[in-house]
Amino acid sequence: QVQLVETGGGWVQAGGSLRLSCAASGRSTFNGYTMGWFRQAPGKERELVGCINYNTGSTYYPDSVKGRFTISRDNAKNTVYLQMSSLSPEDTAVYYCAAGTHGYYLIPRGYDYWGQGTQVTISS
């Protein structure tokens, strides 16, 4: 089975930066997967903040984070990263790493595997 473990969450002042990591295991290769980052704040739906095609490195970001968040990968380490900058209190949420093969990369239903989540809190 695929396992995903997020690390790197914490407390950051507004305007600061933070990098999250997602270590993937359980497959010899993650070719064919889309790796996504989602976040969920209390009372809000889980929302996509970005994803990456593991084969090509092609990325997608919604307008809410475009220009501030960057996803990258290290194929040798089976690890994907979410680099966040210019953070604001509105970015406070639990951040989740996800992996899937369905191609429905915009929504949680498109992903088969999820990490446990890591809390990101931005203070003003």
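Mentor: The protein has 0 helices and 11 strands, where helices (H or I, at least four residues) and strands (E, at least two) are DSSP runs, numbered from the N terminus. This is a predicted model, in which local features need pLDDT of at least 70, side-chain atom pairs count only at pLDDT 80 or more, and totals for chains, interfaces and linings use all residues. Residues are numbered from 1 along each chain as its sequence is written, and side-chain values use heavy atoms, with hydrogens and water left out.

Trainee: What makes a nonpolar core, and which residues touch the most other members of the largest one?
Mentor: A core is a set of buried (under 20% relative accessible area, 1.4 Å probe, protein chains only) Ala, Val, Leu, Ile, Met, Phe, Trp, Tyr and Cys residues joined through side-chain atoms within 4.5 Å. The largest has 29 residues, and Met35, Trp37, Leu82 and Met84 touch the most other members. Among the elements that give two or more residues to this core are strand E4 (34-40) and strand E8 (79-84). A second, separate core of 5 residues includes Phe38 and Leu48.

Trainee: How much of the protein is buried?
Mentor: Buried residues make up 44% of the 124 residues.

Notes
Buried means under 20% relative accessible area, exposed over 50%, partly exposed in between (1.4 Å probe, protein chains only).
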